[in-house]
Amino acid sequence: MPKFKTEELKVEDQYKLMSGSIIPRPIALVSTLGPDGYNAAPFSFFNCIGVSPPMFMISCSPRDGLGGSKKKNNVKDTVANLRHCPEMVVHIVDYYLRNRMNVCAHDVDSSVDEIEEAGFTIQESEVVKPPRLAECRIQFESKLLDIHEMGKLPYYLILGEVVYFHISDSVINDELHIDPNSLDALGRLAGSGGYTRILDNFVMQRFHPPGSSPPGDIFEAAKAAAKLDRKLKI
Ligand SMILES: Cc1cc2nc3c(=O)[nH]c(=O)nc-3n(C[C@H](O)[C@H](O)[C@H](O)COP(=O)(O)O)c2cc1C
């Protein structure tokens, strides 16, 4: 098995190993408000952190990329805008929105209205200033909790809190379960053009809730399944 000591790896190779291993990654399309107007950009270094309140993280590289210069304020519009107005709307990108999302990924001058160029319709939010993108079926109106600078480049770790959920009827039921097949969320893989869709779902016996001990039969069934995998040399 090849092994690599991190400090001997080039930054680009560290990126390849991280982005190729941690897959698939959900994609947040983030609308923000800056001095020049609205902006939207996609981020796949994105995930849920927890609830009470509902919290998420997004990680933004410097504007000049991985090998970029160390100049001050080398930040993408999303980070600059969040410093200007600490609010955002996070949209989940689905398969049908992939081409519109892709337009928003271009590093163009902040005077260019990427939202209009992509063909999204903007809609007023309920409680935050940045707008919602009407075509997106999951929209989280959110407040910025913090921006942490991390690492040598640095990366900007954006921490946010969802204050208002908008979820389309087409993906949610009365019990607030979201149907992954209807949502058809896009997943990011590695490389310049790698994506995936959720086309193969399966179910495994549920874990017991945290803080409780596992019901004996569920634990026995889980162990038996793992033992069978070892026997079949999976
Ligand atoms: C699917 C996808 C995922 C991306 N994920 C990230 C990411 O996690 N972090 C990042 O800094 N840039 C990411 N990018 C690149 C940004 O979207 C791109 O730099 C964008 O222009 C930033 O826009 P802004 O300057 O308007 O904030 C991603 C691009 C695409 C297409």
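**View 1. Aromatic cluster of Tyr15, Phe45 and Tyr155.** In this predicted model, one aromatic cluster is made up of Tyr15, Phe45 and Tyr155. The number of aromatic pairs in the model comes to 5.

**View 2. The edge-to-face pair of Tyr95 and Tyr96.** The ring centres of Tyr95 and Tyr96 are 5.8 Å apart and the planes stand at 80°, so the pair is classed as edge-to-face; the angle is over the 60 degrees required for that class. Tyr95 is partly exposed, its relative accessible area being 23%. Tyr96 has a relative accessible area of 54% and is therefore exposed, the cut-off for exposed being over 50%.

**View 3. The edge-to-face pair of Phe140 and Phe165.** With ring centres 5.2 Å apart and planes at 75°, Phe140 and Phe165 also form an edge-to-face pair. Phe140 belongs to strand 9 (residues 138–150) and Phe165 to strand 10 (residues 155–167), so this pair ties together parts that are 25 residues apart in sequence. Phe140 is buried, at a relative accessible area of 17%, because the cut-off for buried is under 20%. Phe165 is partly exposed, with 44% relative accessibility.

**View 4. Arg98 over the ring of Tyr95.** Arg98 lies over the face of Tyr95, 3.9 Å from the ring centre.

**View 5. Arg188 over the ring of Tyr195.** The face of Tyr195 has Arg188 lying over it, at 5.1 Å from the ring centre.

Definitions and conventions:
Residues numbered from 1 in each chain as written. Predicted model: local features only at pLDDT ≥ 70, side-chain atom pairs only at ≥ 80, totals over all residues. Heavy atoms only, no water. Phe/Tyr/Trp six-rings, centres within 6.5 Å; stacked < 30°, edge-to-face > 60°. Buried < 20%, exposed > 50% of the residue type's maximum accessible area, 1.4 Å probe, protein only. Helix = DSSP H or I, 4+ residues; strand = E, 2+ residues; numbered from the N terminus. Lys NZ or Arg CZ within 6 Å of the ring centre and 35° of its normal.
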